[in-house]
Amino acid sequence: MKKILTSLAMMPALALAGPAVEAAEKQPLNLTAIAMFFIFVAGTLVITWWAARRTKSASDFYTAGGGITGFQNGLAIAGDYMSAATLLGLSSMVFAKGYDGLVYTVGFFVGWPVVTFLIAERLRNLGKYTFADIASYRLDQKKIRTFAAFGSLTVVCFYLIVQMVGAGQLIKLLFGLDYPVAVVIVGVVMMLYVTFGGMIATTWVQIIKAVLLLAGGTTLAVMAMSQFGFSYETLAQRAVEVHKGGMGIMAPGSMLADPVNAASMSLGLVFGIAGLPHILMRFFTVPNAREARKSVFVATGFIGFFFIVVCTLGFSAMVIVGTNPQYFVDGDLAGKIAGGGNMVAMHLAHAVGGNLFLGFLSAVAFATILAVVSGLALAGASSISHDIYANVICGGKADEKTEIKVSKIAAIVLGVLAIILGIMFEKMNVAFLVGLTFGIAASANFPILILSMYWKGLTTSGALLGGFTGLISAVTMVVLSPSVWVTVLGHETAIFPYDHPALFSMPLAFMVTIVVSMLDSSAQAKKERAAFDDQLVRAQTGIGAAAANNH
Amino acid sequence: MSNNINDRIRSNPKYRELAGKRSRTAWGLTALVLAVYYSFMLLVGTSPEFLATPLFEGGVLSIGVPIGAFIIFFAWACTGLYVRRANSEFDRLNAEIVEEARK
């Protein structure tokens, strides 16, 4: 029973995190996949070279000069959110659990409208390069930026580890390369994109990858559905016949076992999106609030469509992959899926499209990881150079050239760090890091960001204390949770019973922030509250907002 | 100088109209989307047998599948609704406010 609970609790984590958290066995070299992947890398490096020539100012480097259109940015945001994990993890979850997988998928989606309604345009109107710009708008620059950089870098580092380990495992499995080789390739290519091409290159890599992923996923779904005469009813009948869950796959079931954990996870996901620095940063790449809104609409449409495609893949794999002994260890249909539980979509690709299509989809999955990792590294580097170096150390008077240089060095350091951490964590189960990442994003970054935009009463001391409370409580709860305290550290029972902290840490962060702010009667606090009205005018009208530069 | 602009904007009734309309729309839609999603989660938690009802007489595809897909579509449609209203009505009002403040 306990095992079932733990594995259930890990499911959503796996889905986001990453492809293959379980150790994957190495496969023979897959030359088609490698060739296609190298075409992708070569193509994107040409784009990087082109982007490098256009990247002159700090604004070019951080936000592509604000010159990305709403539609392009929408695709790039969708790319940031549709990781290889979504394709592989979610489809595998639907394959294994049926309807429960679909319920999780819906939860991954619902945060997006909230970002559109409450965050997107104010973010664009108030900020320039990082979300700390907004959080520190009327508060103490140095203190709040330091906190925001802390929050951003924590999220970026944990998310990088998850992606690097996922990449290593996936590549080992799909391409037949050694784990460290795979991790080094991802790290090095990422550094090239970010240091030379900045946000322009990162955006285009993300766009190309989003298009490939959407096209690949859709083609796969169409080919799979053609076996059922494009009828979901036929598919459902066949699936119920062959799946060991029987009729159970058509309704919610096992996820009811731990509703509190499920609620906590869904809260973390819904509000964590609005605290992920690499997603927030994307809103500064468009020229104005209007395009920012448009870009979330486009992104939401693509992500929603893709999630429905992924659910279709999961259900059709029940019939196509689930009845074919070729895709099971030792040909045992009741046994384990060959190559690990997350490989269902890949097997489906092989079953309906042969080796060539499998190679294509593998290359797309690898490209996806590369693109997500680049976005993360750029967000982390901006936080170091723009928040810490330019504003905290130089007090906002940094020389632009030096600032870009610092940013590039930071990107290289983050890349090297990602490679080292990726190799260190090879054998570790990193699923808990996803709960942690979203938990921190929802408990530290999100409360401060939303309160700074909407609540006049917020003061520096409130934001600082509340933010750190959210950060520390989320980390502590995850350390004491079953997935770390029991699975990683090997203790008997967990001290904190849930893997996802947001249900507890997020309200705690809000409470501390609000109470401390209300009790704050310093002269500075009065000034900060008074400054809200002017901030609101800019948030509403966009007067004074950073403009796009055309060149 | 910039404070003057801000003061003038704040005293413009159109500004209050814009701020009021926008915040009602944004918070209203947020509440709507979250209410629909959490009602769905409540349904998942309390009456899974309802979600298991076959969509067609004698079929097996359950009503829960289109409901799940509908929630994704509904959330996206709400986004579209907001963006459309903001890009036309709100932006028009906003442009007038900025114009009047610069005079």
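What follows is a short chat about the fold of one chain and how that chain meets its partner.

Tutor: A quick note before we start: this is a predicted model, where local features need pLDDT of at least 70 and side-chain atom pairs count only at pLDDT 80 or more, while totals for chains, interfaces and linings use all residues. Residues are numbered from 1 along each chain as its sequence is written, chains are lettered from A and ligands numbered from 1 in the order in which they are written, and side-chain values use heavy atoms, with hydrogens and water left out.

Student: How many helices and strands are there in chain A?

Tutor: Helices (H or I, at least four residues) and strands (E, at least two) are DSSP runs, numbered from the N terminus. Counting them in chain A gives 22 helices and zero strands.

Student: What radius of gyration does chain A have?

Tutor: The radius is taken over C-alpha atoms, and the globule rule is 2.2 Å times the number of residues to the power 0.38. For 551 residues, a compact globule would come out near 24 Å, and chain A agrees with that, at 23 Å.

Student: Which residues are buried in H22(A)?

Tutor: Buried means under 20% relative accessible area, exposed over 50%, and partly exposed in between (1.4 Å probe, protein chains only). H22(A) is mostly covered, with seven of its 10 residues buried. Those are A:Phe532, A:Gln535, A:Val537, A:Arg538, A:Ala539, A:Gln540 and A:Thr541.

Student: What area is buried between chain A and chain B?

Tutor: Start with contact, meaning heavy atoms within 4.5 Å: 45 residues of chain A touch 49 residues of chain B in that way. Buried area is the accessible area (1.4 Å probe) that two parts lose on being put together, summed over both. Carbon and sulfur atoms give 71% of a total of about 4,300 Å².

Student: Which residue of chain A meets B:Asp91 in a salt bridge?

Tutor: A salt bridge is a side-chain nitrogen of Lys or Arg within 4 Å of a carboxyl oxygen of Asp or Glu. Between chain A and chain B the count is four. In one of them, at 2.8 Å from N to O, the partner of B:Asp91 is A:Arg293.

Student: Which helix gives the largest share of the side of chain A that touches chain B?

Tutor: Several helices of chain A each supply at least two residues of that side, including helix H7 (111-126), helix H14 (289-320) and helix H22 (532-541). The largest share is nine residues, and the helix they come from is H14(A).
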